[in-house]
Amino acid sequence: MEIYHLDDLSLLQQHLLAQYQLYQVVKNDDKQCSWQQQTKERNEPLIAELPQSSAKDFFFAEHENLLIFNGEYFQETLPTPAPFVLFGILSCDLTAISYQDQFFKDDPYYQARRQQCLLVGLDCIKPCQQGFCPTVDAGPGVREHTADIILHPLENHQWLLISTNDKGTEAIKGLSLKTCHWHFLTQRDLTLHQCEQEFTDDSDITQAIDKLNNGEVSDSFWQQLAVQCLGCSGCTTLCPTCSCYGTRSITDESEDKKVITQQRFWDSCLYEGFQREASFHNPSAEAGKRVQRFWQHKFGNEFFAEFNRHGCVGCGRCEQTCPGVIGVHSVMKRINNNA
Amino acid sequence: MCADLVKTICPFCGVGCGICLKVDEQGQLLSVEPQQNHPISQGKLCDKGWSTAYAINSDQRLTQPLKRINKSFYPISWQEALTTIADELTAIIDESGSQAVGVISSARASNEDNYAAQKFARAVLKTNNIDHCARICHSPTVAGLKQSLGSGAMTNSAKDILETDLMLVFGADPTENHSILGGHIMQAHAQGTELIVVDPRVTRLAKLTPMHLQLKLGSNIALINALLHVIIKEQWFDQRFVESRTQGFEQLAKHVKDITPESVESTTGVSAELIRTTARAYSHAKRAMIFYGMGITQYVSGTNNVISLANLALTCGHIGKAGTGVNPLRGQNNVQGACDMGCLPNVYPGYQAVAELENQEKFSKAWGTKVTQQAGLTSLGMTKAAQSGDFRALLLFGEDPVVTDPDQNHVQSSLKNLDLFVVAELTMTETAKLADIILPAASFAEKDGTFTNCERRVQKVNQAIAPLGEAKGDWQWLQALAKEMGSKLLNWQSSEDVFNEMAALTPPYQAMTYQKITDNSGLQWPCTNETPNGTTILHQQSFPIGRARFICVNQVDIDESTDDNYPLLLTTNRLHFHYGCGSMTRNSPLLERETPPGVLFINPIDAKALNINHQAPVSIKSRRGYVETRAMFSDDVPVGLVSMPYHFKEAPSNQLTNTAQDPVTKMPELKACAVVVAALAKDQVPKTIQQLQEGK
């Protein structure tokens, strides 16, 4: 690990722009945040705000062609993106990428994009509205193993820059930076600790996780809760760790020959058809079963064992987007009160 | 990657949620996300909204004009299409007069498109034959509320849901059809707002409340009159409001004097006790909102059903204040706007009556041409007249009446009988298949304009991508067609020009501009010089007709009851996965996977008696038609009642539905008809209607 002092963030941005396509979270006139490409000319200030859509579609595309068969041979469809950097990605979303890296370890489409990406993490020093990252070990400070470079804001628009691995070190090569004293790391720890203290009480969530894993949540509770699941797919679409997909063949017969494209697209385990078999048999035909499974994937011990962490990174996006008012905070509260 | 995030309005349903379209560097629509700070949807979308990109990017989209020769379609140029249409229209008008031609516009299209459509009909074709699908959803709302209150629109706003004490949901299934608004209702209920659901089916909302009045099909008026009886007898009504703001209360009191809860128990199937509890809860609530949908309007008694709901709200003074009102949940994204724009035979934009000489003069002067005095035909009137040969040419866009209108066979044969049938569409619908000329339409993502949602909020729709292929926006091709016919009356440079012309002639839109709409995240009409920031709650000080009117109405039974040959009642419903005829939502592999192409919901007790298994193939027959589909066991429908969604062209419920009409609005009784259901051989795949008809 190398620690530097950075006086002017734009020097780093310009330096990276010379080697990478640079994406950064930008806020529009309606205060909506999204990942947008930056250029030398268009270079907006770095903000520590959660974009509504996480960064997962940089690697796991919402729709992509897996293969094309044109009647004679199969065509390669592996993506070949130019090197790119996600500049200022927050800890929760970085934790999610690290989680997805495990899930898509052997997926060539995911990995083709992932290999081209440099992750520049940004520490949060203020809690966000729905977030509870400290509860699930996903923030507010960037976890070292999840980013190549970490940025930590200091006073007077100064920054602490931490390179966590060779990829990070390689990326900042040639940039004139002052190495700085390790006590800045202590200061960072203090700031992050203070930020953690500012998060609201998380006992609803921790207690509900215990209840969930102790088998204290009844089937009838899930059934009643699931009446409010409209199967919109909003939670699974916005959840940075959700990775379910479906596939379909698209046949194009408009030309002389038949071209068949195998496409994969984001799916949602909350759809009734997700697990239905051709015989109409469905292990999760009831909405209650589907909702239960979703939360089990996020907080169940069996998945913790597999991924070495919870499936939830505490970003709170599901709470905001669920039309049925059964996002994470609402569900955990109800588990505590009623289950 | 996403290069641009274009803020616009979701094209599904009347809630009008804020949606952002993600567009890549090549100008392709990638996907969508919600607008986080939209005044209604606040970062939420339903499954239809989330799958918008599938509907727009579909490889099924039409990209060039097509001409039918015998049974096949061939691509032609726009010029050839316009010349052909113009020549034939002119010839038909010369031969048979303007009454022989007409336009059916679309509640999915923008206000600008709809304004252009009615102006094209009235100023260029010289006919009032202009209508759209509100005929089969909320025409009774417009007619009923106009009589009772003076204005046929939702009286309050979506935000009122979080300011009310009681929500009475009458014949509406908002979590399925208006999911985000349904979500508001669930949220309010979770926070302690009382919820009463009146519905023959156990809807999602009904499962959340102990107060579910599971009435029999079509017994709305009996139930409401009994509620009024209790409220008046117990002196629970708002005397001050009744005296100061209404007229006709004495007659109403007399009218319901003998309609006791006990006297309607057998008609409604609702216990007298539950009627009394409901009457008490609604009348005692400090603020109470009524929501209603097709379970009120799609009956022969549709207009009277609406009137009785108005009677109920007026009696308790639950109107003209925050958290109250009579609130129709309008189906399509712009059905409110299509009505506002005057795409109805009897009114000009802003509900200015066609029959009034003063209005005829106003529009003749504004448009620089004399408009006709002759009354126009409704959409069902046009298809009926086509059957007899009196009506010969129809331009239709963005609707699929073959799937969505009652008695499919009648609609099909009428449309086939036309000399000229032009359809502008996104994809090849069942209706488009009957057209002589098909025009490729631009989708909402490909045009600028405005939609008006069910709470009267006019919102800006912004173009995100270029029109696919040679597709054109509706006002653009209507303008081109007018020019081809030698008329310069449709002459606009931009959709903003269309809007400005419309706003100048439409009093409730008077003070609106594109800029103001954008700056305010939408403006709710009336937005006039007196109310420049719009109006969130109607009727606060007075009604447009001065005092609101109590109108006495009587229970009217459904037109077709069961008998030995047709022993079950069929009603229609919607699934949250799909929208209308399914021409957009069924392009999503996710939504399409959710259900078989057509389902019949049946109570397991009825199914068992008929030897039908879950998911088994079944036949359904009514006096008008026959379809095959799959049975879906559901306790949500009571014994004796089966239900079918109308989204599926393979098994259209409208083969079966009744054409009996509301005498006031010609609204067909889509919510009730008698059928007989039978099991098919176990391994038989249900035949689609197309297969069945070809087999004939």
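A polar contact, as I use it here, is a pair of N or O atoms within 3.5 Å; within protein, one must be able to donate a hydrogen and the other to accept it, and residues adjacent in sequence count only if both atoms are side-chain atoms.

I'm on a predicted model, where local features need pLDDT of at least 70 and side-chain atom pairs count only at pLDDT 80 or more, while totals for chains, interfaces and linings use all residues. Residues are numbered from 1 along each chain as its sequence is written, chains are lettered from A and ligands numbered from 1 in the order in which they are written, and side-chain values use heavy atoms, with hydrogens and water left out.

**Entry 1: chain B against chain A.** I counted 23 residue pairs in polar contact between chain B and chain A, both residues at pLDDT 80 or more. On the chain B side, β1 (2-9), β2 (18-24), β3 (29-34), α1 (47-50), α7 (179-190) and α23 (589-594) each supply at least two of the residues touching chain A. (Helices, H or I of at least four residues, and strands, E of at least two, are DSSP runs numbered from the N terminus.) I sorted that side into 17 nonpolar, 14 polar and 13 charged residues. My classes: Ala, Val, Leu, Ile, Met, Phe, Trp, Tyr, Cys and Pro are nonpolar, Asp, Glu, Lys and Arg charged, and the others, Gly among them, polar.

I then looked for salt bridges (a side-chain nitrogen of Lys or Arg within 4 Å of a carboxyl oxygen of Asp or Glu). The rule finds 2 across this interface; one of them joins Lys7(B) and Asp30(A), N to O at 2.8 Å.

Next came buried area, the accessible area (1.4 Å probe) that two parts lose on being put together, summed over both. I got about 3,600 Å² between chain B and chain A, with carbon and sulfur atoms giving 49%. In chain B, Gln36(B), Trp50(B) and Arg593(B) lose the most area to chain A, together 18% of what that side buries.

**Entry 2: Thr303(B).** Thr303(B) sits in helix α14 (residues 302-315) of chain B. Is Thr303(B) buried or exposed? Thr303(B) is buried, because its relative accessible area is 1%; the cut-offs are under 20% for buried, over 50% for exposed, partly exposed in between (1.4 Å probe, protein chains only). Beyond four places in sequence, I found Thr303(B) in contact (heavy atoms within 4.5 Å) with residues including Pro140(B), Gln147(B) and Asp662(B). Ala143(B) is 160 residues away along the chain, yet the C-alpha atoms of Thr303(B) and Ala143(B) are separated by 6.4 Å.
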